[in-house]
Amino acid sequence: MFERYGLEAETALRVVTLAAGLAREIQGEVRALPGEKDDLSPVTVADYTAQAVISQMLHEVFPDDSLVAEEGSAALAAPQGEDALAAVLAYVSRLLPNADEQAICAWIDRGAGEPGARYWVLDPVDGTKGFLRGEQYVVALALIEAGQVVLGAMGCPNLDHSLQPALGGAGSAVIAIRGQGAWAASMEGKLLERLRVSDEDEPSAARLLRSVESDHTDEEAMAQLISVLGIRPEPTRMDSQAKSAVLAAGGADLIFRLNSPRNPDRKENTWDQAPGLIIVEEAGGRVTDLRGAALDFSAGRQLSRNYGVLVSNARLRDAALRAIQAVGADIPPEAV
Ligand code: AMP
Ligand code: MG
């Protein structure tokens with residue numbers, strides 16, 4: 001399929017589409033677990049199912065690679081997780097018939113790996129809140145080598161083949177390999193077309209994508225950015241790294257990731273940024289932090305040396321960075 005990273009690309013596309021297929025089935029019968037993670041995003045059977053499946057399938061092909069993934073099995077393995085674990089086992093067994101409850105917890109916990117010379121990062125269900133609302137979410141996977149994202153793959157059950165929102169449709173996928181482009185694919189893993197960002201260079205015409213969740217951003221700074229740039233189109237609210245896939249396909253031009261005043265010191269998770277970053281960059285776009293610095297994936301499980309994220313079609317980058325500076329969105333907001 002691809003000259004370099006061929007086996008990695010084929011495997012990544014296969015595992016994200018299989019996991020996304022399961023997540024889509026589960027979305028039809030959502031089962032939020034009682035209890036919430038530290039960051040208050042609901043943990044679902046789909047997160048655990050996708051992480052278990054992808055962890056084990058990657059391990060079968062690349063046993064020496066480590067995995068840095070969002071979930072751990074503690075809540076599932078606890079007595080109150082019994083029903084959820086049984087549900088996860090039923091779903092995982094469809095793809096991995098030899099699974100049992102112990103194995104599933106062990107597969108999930110491989111995701112506690114430390115970032116090393118070469119490792120995968122996985123957000124099994126990015127946009128859990130969108131998932132629970134029946135809206136956008138993606139299964140997002142990336143490969144990092146020597147601190148550089150070299151491959152990204154996403155399963156996008158609620159985007160169509162042009163990577164535009166289509167709730168309940170056939171879904172799609174994206175695969176990007178450093179130096180070899182970003183490509184749309186079907187949920188069956190068939191490559192469709194090469195992605196290219198928009199060539200919009202007029203800030204007032206910028207199509208902005210923003211989080212659905214108000215708590216994930218700084219509403220006030222966002223309004224100021226829209227005003228300073230003179231953005232006329234109504235911004236579109238969308239959960240997860242589906243935003244990056246839409247932008248890579250030319251369906252949007254700008255994304256600002258700003259910290260909420262409720263959480264001013266929050267650091268981005270690598271799995272929330274690496275897949276989207278390479279998909280956008282390989283489509284000709286640019287991804288930096290809000291100060292214009294490259295995202296530093298050598299700092300651990302979080303991007304602890306960066307602040308926020310600016311995703312653009314490249315042509316609007318300079319104007320966006322100037323606006324960020326003008327409104328002070330390059331420094332964390334005052335805590336409330
Ligand atoms: P989005 O749908 O773009 O708002 O981003 C979804 C991601 O936001 C999830 O994967 C979480 O890692 C992340 N997240 C969870 N809680 C917060 C929070 N309080 N502030 C910012 N991001 C968060
Ligand atoms: Mg996430």
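Predicted model: local features only at pLDDT ≥ 70, side-chain atom pairs only at ≥ 80, totals over all residues.

Residues are numbered from 1 along each chain as its sequence is written, chains are lettered from A and ligands numbered from 1 in the order in which they are written, and side-chain values use heavy atoms, with hydrogens and water left out.

Because domain 1 (6-194) and domain 2 (203-335) both contribute residues to the shell around ligand 1, the ligand lies between them; these bounds come from an automatic or database domain assignment. Around ligand 1 there are 14 residues, of which Ser211, His216, Ser240, Lys243 and Asp272 come nearest (a residue is near if one of its heavy atoms lies within 4 Å). The shell comprises 9 charged, 5 polar and no nonpolar residues, where Asp, Glu, Lys and Arg count as charged, Ala, Val, Leu, Ile, Met, Phe, Trp, Tyr, Cys and Pro as nonpolar, and the others, Gly among them, as polar.

Polar contacts are pairs of N or O atoms within 3.5 Å. An N or O atom in the side chain of Lys243 is 2.5 Å from an oxygen atom of ligand 1, and a polar side-chain atom of Asp272 also lies 2.5 Å from a ligand oxygen atom. The side chain of Asn263 has an N or O atom 3.5 Å from a nitrogen atom of ligand 1.

Technical notes: Polar contact = N/O pair within 3.5 Å; in protein donor to acceptor, adjacent residues only side chain to side chain.
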